[in-house]
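Morning, everyone. Please have the viewer open while I talk. I'll keep this short.

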Amino acid sequence: NGCSSDTGNIRFGAAGVGGMYYTFANSFTGILSKENENYSYEVKNTAGSTANIRLLSNHYIDLAIAQADLIQDAYEGTGAFDGNICKDYSAIAGLYTEACQIVVRADSSIHSLNDLQGKTISIGEEDSGTERNANQILKASGLSSELVHTVNLDYAQAASQLQSGDIDTLFCT
């Protein structure tokens with residue numbers, strides 16, 4: 001189903017502006033549009049992996065990028081997809097291994113996960129792979145919602161608010 005668009009327009013689910021998925025999707029579709037004039041490509045700004053899988057399964061987009069762990073959750077109806085199995089898609093390529101990074105200002109007093117207690121943290125956009133990874137890391141570290149304040153920001157918003165001091169750290173997958 002991934003590229004079976006009848007209109008010749010292929011909608012590509014990326015993620016938020018400023019993230020690697022969005023950059024990759026624009027570069028990839030730019031190359032494709034030069035190589036095949038029978039199709040046009042439209043990069044869709046989405047919340048990221050979880051949203052992309054749902055949008056792809058419901059045929060709102062034709063192609064998407066998503067984290068492998070979330071693809072497995074969707075296929076099995078576990079994790080972020082608890083009870084909601086999504087199988088109407090195919091994987092065509094593994095692009096790269098992703099790491100979840102925790103970013104702080106150079107002058108920050110945060111040097112470990114324990115230092116996040118009492119801090120304001122951007123955990124990524126709602127319905128993104130970054131949000132899932134951040135919540136997994138916080139939970140594994142014992143940092144419940146009572147111990148940290150989390151906000152859902154895209155990468156551009158999070159970088160701006162980190163720079164201005166409105167948040168203390170951001171997660172980035």
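Ground rules. This is a predicted model: local features need pLDDT of at least 70, side-chain atom pairs count only at pLDDT 80 or more, and totals for chains, interfaces and linings use all residues. Residues are numbered from 1 along each chain as its sequence is written, and side-chain values use heavy atoms, with hydrogens and water left out.

Rings. How many aromatic pairs does the structure hold? Two. Rings of Phe, Tyr and Trp (its six-membered ring) pair if their centres lie within 6.5 Å; planes under 30 degrees apart count as stacked, over 60 as edge-to-face, and the rest as tilted.

Take Phe 12 and Phe 28. Their ring centres are 6.0 Å apart and their planes stand at 80°, so this pair is edge-to-face. Phe 12 is in strand β1 and Phe 28 in helix α1, so the pair ties together parts 16 residues apart in sequence. Helices (H or I, at least four residues) and strands (E, at least two) are DSSP runs, numbered from the N terminus.

Now Phe 24 and Phe 28. This aromatic pair is stacked, at 5.6 Å centre to centre with 15° between the planes. Both residues lie in helix α1, four residues apart, about one turn of the helix. An α-helix has 3.6 residues a turn, so residues three or four places apart point the same way. Phe 12, Phe 24 and Phe 28 form one aromatic cluster.

Buried or exposed? The cut-offs: buried is under 20% relative accessible area, exposed over 50%, partly exposed in between (1.4 Å probe, protein chains only). Phe 12 counts as buried, at 2%. Phe 28 is partly exposed at 31%, and Phe 24 is partly exposed at 25%.

Next, helix α2, residues 49-57. Seven of its nine residues are buried. Among them are Ile 53 and Leu 56. The buried residues of α2 pack against β1, α1, β3, α3 and α4; contact means heavy atoms within 4.5 Å. Just after α2, His 59 takes a positive phi of about 65°.

Last, the surface. Met 20, Leu 95 and Tyr 96 make a nonpolar patch of about 300 Å². Patches are made of residues with over 30% relative accessible area and no salt bridge: like charges are joined within 9 Å, nonpolar side chains (Val, Leu, Ile, Met, Phe, Trp, Tyr) within 5 Å. A salt bridge is a side-chain nitrogen of Lys or Arg within 4 Å of a carboxyl oxygen of Asp or Glu. Areas come from the Shrake-Rupley method with a 1.4 Å probe; for residues, only the protein chains shown count as cover. Tyr 96 is in the loop between α3 and β4, partly exposed at 39%.
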